[in-house]
Amino acid sequence: MGPDDLSFVVNATSGINVIARSLPLAVGDELLSTDLEYGALDLTWHHICGKSGARCVCQPIPLPVTTAEAFVDALWAGVTERTVAIFLSHVTSATALILPIAEVCRRAREAGILTIFDGAHAPGQIDLDLKALGVDIYAGNCHKWLCAPKGTAFLYVRPEQQEWVESLTVSWGWKPGHTFVSRNQQQGTRDVSAWLATGAAIDFQTMHRWPEVRAACHARLGALRTRLLDRFGLEPIQPDTPEWYSQMASIPIPPPGDRAAFERRLFIDHGIEVPLTAHGDRHFVRVSVQGYTTDADLDALEKALVAELAS
Ligand SMILES: Cc1ncc(COP(=O)(O)O)c(C=O)c1O
């Protein structure tokens, strides 16, 4: 993997849109995805598939997840001879699960299926080696867990796949001799200062020994997860290992009633801003523990949830 394989984009959404708008889809082709994906990108793929007559197949994934093999088997129940590409989150949004994408890539390569990943939450939270994972295409955000400014994201495309990847804007980057990176980075006059700050964000995390920070955050999150599961008597949706969650976890809670109203109550009465999410009939508090999250923050959240939800 080299610098020609990775272009800055402004967010993971636009990176995936570059791919969705470029992918040559024919009538009857199938794009396989799951019921764990980010809503805005479900909209992207339904729009694109709808225009080309392709089918967007949403494969349900049973929860709790258990093993990488079981996950890939569940996904593969949606593969047919018409499947041309698989689109998956590396870290899911509502359920905050790290999906076993290396195993997906291995099986997809054997079957000649293109792999496209939404890594909005991965860089900084997961030690990311795109080559070792074996991905064909990967969009990642640097403005979340890597602590770079908003507007810093990247799109990686394996060299063999770059020719068909266009860009959302056609500009000077399309001069003769253009490349995947020139097409996607040279797009009229724009402010590139956020992109230029990405190196400083990486240096900051290196200087502050981020693998240790990450492990400490994971341990504190894991302890809170265990306490809340015990307190509410609910089953987790993932094994208690860093393979399935890192610094962000969706922890089951009893039904909170009107979610937006409960989020507001947590904010106004307890001074806590935290996303409440749901999947099917399961409800979660999605807790993110970054290096700056204190034990007092986590204690306050635990107390507020117990006060509001424990019967
Ligand atoms: C899984 C997932 N994909 C995509 C996105 C969108 O990221 P962005 O708005 O930076 O494009 C998010 C946002 O949180 C997300 O959780």
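**Reading the terms in a predicted model**

Mentor: Around the ligand stand Asn 11, Ala 12, Thr 13, Tyr 38, Leu 41, Ser 89, Thr 92, Ser 93, Asp 118, Ala 120, His 121 and Asn 141. A residue is counted there if its C-beta atom, placed from the backbone, lies within 6 Å of the molecule. The model is predicted: local features need pLDDT of at least 70 and side-chain atom pairs count only at pLDDT 80 or more, while totals for chains, interfaces and linings use all residues. Residues are numbered from 1 along each chain as its sequence is written.

Trainee: How many residues of each class does the shell around the ligand have?

Mentor: The shell has four nonpolar, seven polar and one charged residues. Ala, Val, Leu, Ile, Met, Phe, Trp, Tyr, Cys and Pro count as nonpolar, Asp, Glu, Lys and Arg as charged, and the others, Gly among them, as polar.

Trainee: What makes α1 roughly parallel to α2?

Mentor: The axes of helix α1 (residues 12–22) and helix α2 (residues 39–52) come within 10 Å and cross at roughly 15°. Angles under 35 degrees count as roughly parallel, over 145 as roughly antiparallel, 65 to 115 as roughly perpendicular and the rest as oblique. The crossing angle therefore makes α1 roughly parallel to α2. Each axis is a line fitted to C-alpha atoms, for helices over the stretch in contact, and angles run from 0 to 180 degrees between N-to-C directions. Helices (H or I, at least four residues) and strands (E, at least two) are DSSP runs, numbered from the N terminus.

Trainee: Which residues of α1 and α2 meet, and what is the hand of the crossing?

Mentor: Thr 13, Ile 16, Asn 17, Ala 20 and Arg 21 of α1 meet Ala 40, Leu 41, Thr 44, Trp 45 and Ile 48 of α2. These residues divide into six nonpolar, three polar and one charged. Two residues are in contact if their C-beta atoms, placed from the backbone, lie within 7 Å. The crossing is right-handed. A crossing takes that name if the near helix is turned clockwise from the far one by less than a right angle, and left-handed if anticlockwise.

Trainee: How do you know that α9 is roughly parallel to α11?

Mentor: Helix α9 (residues 210–232) and helix α11 (residues 295–309) have axes that come within 11 Å and cross at roughly 15°. That angle makes α9 roughly parallel to α11. Here, too, the crossing is right-handed. On α9 the contact uses Arg 220, Leu 224, Arg 227, Leu 228, Arg 231 and Phe 232, and on α11 it uses Asp 295, Leu 298, Glu 302, Leu 305, Val 306 and Leu 309. By class, the residues of this contact divide into seven nonpolar, no polar and five charged.

Trainee: Why is Cys 147 called buried?

Mentor: A residue is buried if 20 or more other C-beta atoms lie within 10 Å of its own, exposed if 12 or fewer, and partly exposed in between, with C-beta atoms placed from the backbone. Cys 147 has 20 C-beta neighbours inside 10 Å, so it counts as buried. Cys 147 is found in the loop between β6 (137–141) and β7.

Trainee: Why is Gly 173 called partly exposed?

Mentor: Gly 173 has 19 other C-beta atoms within 10 Å and is therefore partly exposed. Its place is the loop between β7 (153–157) and α6 (180–185).

Trainee: Why does Ala 194 count as partly exposed?

Mentor: Ala 194 has 18 C-beta neighbours inside 10 Å, so it counts as partly exposed. This residue lies in helix α7 (residues 193–196). Leaving aside residues up to four places away in sequence, Ala 194 touches Ala 148, Pro 149, Lys 150, Gly 151 and Thr 152.

Trainee: What makes Arg 209 and Gly 112 exposed?

Mentor: Arg 209 is exposed because 10 other C-beta atoms lie within 10 Å. For Gly 112 there are 8 other C-beta atoms within 10 Å, so Gly 112 is exposed. Arg 209 is in the loop between α8 and α9, and Gly 112 lies in the loop between α4 (101–111) and β5 (114–119).

Trainee: How many residues of helix α8 are buried?

Mentor: Helix α8 (residues 198–207) has ten residues, and the count of buried ones is one.
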